[in-house]
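Subject: Structure handover and side-chain notes

Hello,

Here is the structure I promised to pass on.

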Amino acid sequence: MSTPFTHKWQGLGSAFPFLLLHDVLAVLSLSAGSVAISWWIATHGGAADLSIFGISSAATMLIALPLLSALGDRHPKSRLMAWGLLAAVATALGLATMASLGIYNILLIVLIYIVEVIAFAIVRPAASSIAADLVPPERLADALSLQKSAQSVGQLAGPVAGGAIVALSSIPIALWIYTAVLMIAALSAFAIPPVKPACRAQDGWLTEVRAGLRAKWHIPIDRSWTVYAFFCMMFFSPAVGMLLPLKIHSLRLNASWLGATEAALGMGMLIGALWGAKKVIHAFGRFKACTGALMVSAVTIIGVALSAQGWLLVLGFAIAGFSMSVSQLVGQTHRQLAVPDHFRGRFSSVNMMVMQVSGILGPAVAGLTLGFLDISAVYACFGLCLLLITMLFPLVPGIQHFLALDHTEVKGWYGKQHPELFSQ
């Protein structure tokens with residue numbers, strides 16, 4: 001395992017470790033800060049304030065992602081990441097100051113946090129697409145694998161660290177630590193040399209935004225893949241999110257099993273990103289590996305629904321995490337390379353916006369279904385729907401040919417197939 005891991009680093013350049021440091025710290029600080037902020041609101045304002053906070057954050061992200069999508073194609077992504085994180089530091093500083101002074105006002109918290117949401121609407125698309133600007137096309141799979149590993153580490157450590165700090169100290173201290181970690185993440189982004197954008201035209205802002213949306217919609221393979229991913233995540237996201245604590249509670253298991261299952265999901269993703277996903281892709285090819293991973297995820301969710309023991313939930317979530325890493329590595333590598341450089345930021349923003357909508361709709365459907373079915377039945381229905389959707393993956397137009405292309409052939413492939421869509 002050490003030889004492949006060492007090989008991943010070769011040829012990625014001196015700037016890439018700073019990107020990994022940024023990813024670890026940004027994800028860790030976000031997840032840890034989310035625990036502290038949510039607990040602060042829950043203990044002072046209750047469920048009503050949590051709902052206001054959650055809805056306003058989600059709505060702001062939905063609006064900001066498409067409107068700010070052209071930024072990553074106009075300006076160096078590393079500088080967008082750095083300045084966006086500094087804006088987030090300012091908001092975290094405001095929240096930490098409020099908590100330290102004993103000031104609680106949900107409207108003020110929401111207004112401050114909305115600025116942070118907008119900042120991360122700039123940071124996230126830039127961070128998700130910058131690897132393609134920093135490394136050669138043939139090394140992008142290794143780069144994204146290491147990025148996923150770094151993000152998985154942050155996802156694993158963040159909630160644990162946030163919960164522990166709040167439990168052992170206080171909410172204000174947790175928010176000050178959150179601010180400090182965000183600052184270090186911003187400094188690591190500043191250490192990444194700026195890469196001049198490949199944007200060939202500086203049209204009006206809304207013209208460029210519309211051009212990105214138009215290109216995304218008029219490419220059959222990417223449009224179908226995006227719609228497909230929307231429905232996949234609509235059923236997968238609640239299965240690994242809101243339905244899990246309800247399932248554990250129904251089995252009369254204590255809260256430690258919730259932490260264990262979430263950790264297993266992150267560990268599965270980490271193992272896949274570090275080592276296993278590439279092995280599976282090499283053994284079966286991109287198309288079969290992606291299709292198989294999607295089906296394994298669905299079958300695993302059905303298995304979790306039918307399980308009555310905690311260790312089966314942990315095992316199932318570890319398998320689901322590993323399968324996720326395989327499907328994500330296949331999709332992200334080829335789709336990023338296929339998009340012409342000067343449209344990559346806009347495509348990433350649209351992908352995130354679609355997943356954001358899916359992440360809102362899925363839990364809403366789950367909540368409605370829970371009104372007339374028990375938790376195990378709802379879980380099983382979501383797993384079955386996910387399985388049926390995964391069977392449609394081969395119907396995405398041209399998907400088998402597209403995934404059979406090597407990294408050199410797929411570079412800018414969308415532009416070669418549809419040059420009229422990428423003039424802006």
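A salt bridge, as used here, is a side-chain nitrogen of Lys or Arg within 4 Å of a carboxyl oxygen of Asp or Glu. Before going on, please keep in mind that this is a predicted model, in which local features need pLDDT of at least 70, side-chain atom pairs count only at pLDDT 80 or more, and totals for chains, interfaces and linings use all residues. Residues are numbered from 1 along each chain as its sequence is written, and side-chain values use heavy atoms, with hydrogens and water left out.

**Salt bridges**

The structure holds three salt bridges. In one of them, Lys216 meets Asp222 at 2.5 Å, N to O. Asp222 also forms a salt bridge with Arg335, where the closest N and O atoms are 3.2 Å apart. Helices here are DSSP runs of H or I with at least four residues, numbered from the N terminus.

Lys77 forms a salt bridge with Asp133, the closest N and O atoms being 2.9 Å apart. Lys77 lies in helix 5 (residues 77–100) and Asp133 in helix 7 (residues 131–134), so this bridge ties together parts that are 56 residues apart in sequence. Lys77 is buried at 7% relative accessibility, whereas Asp133 is partly exposed at 26%.

**Aromatic rings**

There are 15 aromatic pairs. Rings of Phe, Tyr and Trp (its six-membered ring) pair if their centres lie within 6.5 Å; planes under 30 degrees apart count as stacked, over 60 as edge-to-face and the rest as tilted. Trp225 and Phe393 have ring centres 5.9 Å apart and planes at 65°, so they are edge-to-face. Trp225 belongs to helix 11 (residues 220–240), while Phe393 sits in the loop between helix 17 (375–390) and helix 18 (399–404), 168 residues apart. Phe393 also pairs with Phe287, this time stacked, at 6.0 Å centre to centre and 15° between the planes. Phe393 is buried at 1% relative accessibility, and Phe287 is buried at 18%.

Arg335 turns up again here, lying over the face of Trp225 at 4.8 Å from the ring centre. For a charge to sit over a ring, NZ of Lys or CZ of Arg must be within 6 Å of the ring centre and within 35 degrees of the ring normal.

**Core**

The largest nonpolar core has 123 residues, and those with the most contacts inside it include Leu175, Phe393 and Tyr414. Such a core is a set of buried Ala, Val, Leu, Ile, Met, Phe, Trp, Tyr and Cys residues joined through side-chain atoms within 4.5 Å.

**Cysteines**

How many disulfides are there? The count comes to zero, with a disulfide taken as a pair of cysteine sulfur atoms within 2.5 Å. The sulfur of Cys232 is 8.9 Å from the closest cysteine sulfur, in Cys290, which is too far for a bond. Cys385 is in no disulfide either, its nearest cysteine sulfur being that of Cys381, 6.5 Å away.

Best wishes

Note on methods:
Buried < 20%, exposed > 50% of the residue type's maximum accessible area, 1.4 Å probe, protein only. Helix = DSSP H or I, 4+ residues; strand = E, 2+ residues; numbered from the N terminus.
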